[in-house]
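Dear colleague,

I am passing on the structure below, followed by some notes on what was found in it.

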Amino acid sequence: MSGLFRMGEALIGGTFNAVSELADEAERMVNETTLRVAITGLSRSGKTVFITSLIANLLALGRGRPVLPALSAQLERQGTALLGVRLEPAGTQALDWFDAADKIRDLAGATPHWPPRTSDLASASLTLELARSGPARLLGPRRIRLDLLDYPGEWLLDLPLLDHDFASWSRETLDLLRAPPRDAVSAEFLAFVSALDPNAVADEAVARRGYRLYLAMLEQARDRFGLRWLQPGRFLRPGPRGESPMMWFFPLPGEGTGASGSLRDLLSRRFVAYRDDMRANFFDPWFARFDRQVVLVDVLGALWAGQGAFEDTRHAVAQIAAAYDARARSRWLGLNTLKRVGFVASKADHVPAAQRPALESLFAGMLAQGGPSRRETSHRALAALRCTEDAEHDGLPVVLGVPLGEERRRPFRPGHIPTTPPPPGDAFWSRPFFELPALRPPLIDPDGRDGLPHLGLDTLLAWLLEDAL
């Protein structure tokens, strides 16, 4: 009898657990909405700080701090009260954990410094709890869960690569290398390539030598000229898996894949393996899940770096915008879940308030070159962490900031931002345009309980979450 009793008890317990799980799932379906927000940007656009500020300010808003006025106003217009915001524990996820608290300690330390750049996928999750009004109150509070995904901006540059084969990618890349400013750093690589016989029997030493020369050229183009359209992206930011044999390729002139066993055949197969690996292990499993995407671009940094850097950044932005526009309509990649893409010109606090509309207008023109026609695409200029204050100096608008390594604020006037559609004309590039120095983070609470100072982050969040709220 005791055995039968235990069996009955187990059966009842199992049934109860199953019913409880079904009830929990039903409650989640009614009360919980999950938004997956991917955040990336071209190199050195301030992505890590952006995510840190987003988390810190949402948590502060949940504590009742008035840190995101545009988002608060939107909630009020919709008759929704924010009951609280919580940061979900890391759990059992396989991805790196984006530790915003650690980043804030970097920013607020005894010697404040900017946190290290992203080298791999990382994530964090926030839950916003919202009160319902009217008869729907009987269902209890609503929850919006924001799953944030952080990934290296260099990898974003491989999205347009998915539509290329080896010959077309090589042709476009070699044309770029022969033109200014890349020609100043690509001479050794181009001389190496011109001496090769692509149809010769593949030699691994030759393939490795070409890869090393090409990688060195990419690094010099980035570091000397501030260029951003540098493919393949993982060459410069390989992630924790590091370098692998499928990455040992470089562009070759000519058409087709070459005879079996030839150098062209080897490099073509490696290009395809790299492209398919990015598709299978990054774009397919992650892009197919995104509901929202934020892409940051350092437009001011491109202007200050000169005409070559600006044109290169403009090309990168246009290619990325066009790729998003095409992929959002593509069933192959499953991007039909992507509802909104926000393009952001970062570091808007580096220019006075009077010039920020010009910055936003310039950025809009850069995006238009890529033809983003979807109404769910937005552009804006903002600063996720404001390091300056607006002021006047000698009768001119300036920003006040503390350069890294210094203790006192100084006035800066970055120069004229062109208001005409890009590209700026020769008259603009003929004038000296100094580079604004790297500025120290502002003084902030090490715990971040009161949020972080920003410019326009609230308007971006209000737009990104508008339909979900």
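Which elements of the chain have the lowest and the highest mean pLDDT? Helix α1 (residues 2-31) has the lowest, at 57, and helix α7 (residues 187-194) the highest, at 97, where pLDDT is the predictor's confidence in each residue, from 0 to 100, and where helices (H or I, at least four residues) and strands (E, at least two) are DSSP runs numbered from the N terminus.

This is a predicted model, in which local features need pLDDT of at least 70 and side-chain atom pairs count only at pLDDT 80 or more, while totals for chains, interfaces and linings use all residues. Residues are numbered from 1 along each chain as its sequence is written, and side-chain values use heavy atoms, with hydrogens and water left out.

For the chain, the mean pLDDT is 86, with 87% of residues at 70 or more.

Strand β5 (residues 142-150) has 8 of its 9 residues buried, that is, under 20% relative accessible area with a 1.4 Å probe and protein chains only. Strands count as paired if DSSP finds at least two bridges between them: β5 pairs in the parallel sense with β1 (residues 32-41) over 8 bridges, T34 standing opposite R145, and runs antiparallel to β4 (residues 122-130), to which 9 bridges join it, with A122 and D150 as bridge partners.

In helix α6 (residues 166-177), the buried residues, among them F166, W169 and L177, pack against α7, α8 (204-225) and α10 (263-287).

Best regards

Definitions and conventions
Buried means under 20% relative accessible area, exposed over 50%, partly exposed in between (1.4 Å probe, protein chains only). Contact means heavy atoms within 4.5 Å.
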